[in-house]
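Here are my notes for you to read alongside the model.

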Amino acid sequence: MKVPFLDLKVQYASIKEEITSALQQVLNNTAFAGGPFVEQFEKDFASFCQCEFAIGVGSGTDALWMALLSLGIGPGDEVITTPNTFIATAEAISFCGAKPVFVDVDEKTYNMDADLLESVISPKTKAIVPVHLFGQMADMDRIMEIARAHELYVVEDACQAHGAEYKGRRAGSIGDVGCFSFYPGKNLGAYGEAGAVVTNNAELAEKMRMFRDHGQGKKYYHLMIGWNARMDGFQGAVLSVKLKHLAAWNEARRENAQLYNRLLADVDGIITPLEAEYAKHIYHVYAIRTKNRDALKRDLSEKDIFCGIHYPIPIHLQEAYKFLGKERGSFPVAERCAEEFVSLPMFAELSQEQINSVCHEIRCFRKVTV
Ligand SMILES: Cc1ncc(COP(=O)(O)O)c(C=O)c1O
């Protein structure tokens, strides 16, 4: 049975009329850059994230970069994050002129290991960027406690965690700023590029709002040097439509994950994802671990089942970050994950038959290779 890694067409078909009407409204109003459709989405998304303010921007990368810049992070500063993330987390730190300092991840949640955090804090450390990898939040109480004790900012990379929860609190609402990506494949995906920051800090919100629009207080009055990081009107309108469905889509992903967990529970040599007892995981990615993942991925693709790898090379071993001088062995858990992760098909509309078929093929593969 053919099982795509992700099927955006089936989701689009289910909301086609709503989307067409929303896009038509943007056209009727010629509200293409920022404007009322972005503002409406910002209001809705702030409330969804249990935050006072949301500011729509061009991408998740913009969101991270702008959040760090607005907190005054710059040359000479260090910012702590994890190496098993999408490269944008580190790029945003680098583009502020600061240095990314990595800390290894917890073997069970694949998120920042709070036990190791204090060992990498130095007098130059200004902020911590926990990444809520795959849709499960990092251990925020412990991270916040350490951050406050050392007077550090916390910027949540919630780019994969729209609607994820930590002890009932939504991703993005706990740190000083939360950053989201609406890249099309995300649980809340735009029909193009988009992102957002959320915060409860009014002063910071104002600064970020100005920054994303060339530092303008009002048109052509520039109070600071900013950038063009505005969200476009079409994305605002699409995201408002899709936000109404997000809770149901997340719930469907959770049910799919539970079915995978059940069907794979007794398959030897496969580690399924763990939902921490504090967490509500929203399974942006459903990654299992296995020793011979390249062979498994190849075998599944021959059967028309398509998987992903998030991510094959941890950031400290990427060519772009070689200059940091971190050799293989520096972050053993993240490195092991990079070798063993394989992400199974995951989207809200995935059918039980498709999940059954994926698990059946994994079971067959394991029987042959064990
Ligand atoms: C963890 C993480 N951080 C940052 C980003 C960057 O977001 P964008 O692609 O919207 O710039 C992504 C997107 O894939 C991500 O997954």
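1. Let's start with the largest pocket, which holds about 520 Å³ of space. Its lining has 28 residues, and F86, S181, Y183, K186 and H284 are the closest to its centre. A pocket here is an open set of points on a 1 Å grid over the protein atoms alone, where a 1.4 Å probe fits, with protein on both sides within 12 Å along at least five of seven lines; lining residues have an atom within 4 Å of a point. The volume is the space filled by probe spheres set on the points, which are joined across faces, edges and corners.

2. A word on the basis: this is a predicted model, in which local features need pLDDT of at least 70 and side-chain atom pairs count only at pLDDT 80 or more, while totals for chains, interfaces and linings use all residues. Residues are numbered from 1 along each chain as its sequence is written, and side-chain values use heavy atoms, with hydrogens and water left out.

3. Back to that largest pocket: α3 gives the most to its lining, with 3 residues. The lining divides into 13 nonpolar, 11 polar and 4 charged residues. In this scheme Ala, Val, Leu, Ile, Met, Phe, Trp, Tyr, Cys and Pro are nonpolar, Asp, Glu, Lys and Arg are charged, and the others, Gly among them, are polar. Helices (H or I, at least four residues) and strands (E, at least two) are DSSP runs numbered from the N terminus.

4. The second largest pocket has a volume of about 410 Å³. It is lined by 22 residues, with G35, E39, E42, R209 and R212 nearest its centre. Elements giving two or more residues to this lining are α2 (36–48), β1 (53–57), α7 (202–211) and β10 (216–218), and α2 gives the most, with 5. By class, you will find 7 nonpolar, 4 polar and 11 charged residues there.

5. Which residue forms a salt bridge with E340? The partner is K291, and the closest N and O atoms are 3.0 Å apart. E340 sits in helix α10 (residues 332–340) and K291 in the loop between β13 (286–289) and α9 (293–302), so the pair ties together parts 49 residues apart in sequence. E340 is buried at 7% relative accessibility, whereas K291 is exposed at 70%.

6. The model has 21 salt bridges, each a side-chain nitrogen of Lys or Arg within 4 Å of a carboxyl oxygen of Asp or Glu. Among them is D299 with K303, at 3.1 Å; D299 is buried at 16% and K303 partly exposed at 33%.

7. How many disulfides are there? The count is 0, taking a disulfide as a pair of cysteine sulfur atoms within 2.5 Å. The sulfur of C179 is 6.4 Å from the closest cysteine sulfur, in C159, too far for a bond. C179 is also buried, at 0%.

8. Finally, 3 strands form an open antiparallel sheet in the order β7-β6-β12. Two strands pair if DSSP finds at least two bridges between them. β7 (169–170) and β12 (279–280) stand at the edges with a single partner strand each, so one side of each has no neighbour in the sheet. E165 stands opposite K280 in β12.

How values were computed. Buried means under 20% relative accessible area, exposed over 50%, partly exposed in between (1.4 Å probe, protein chains only).
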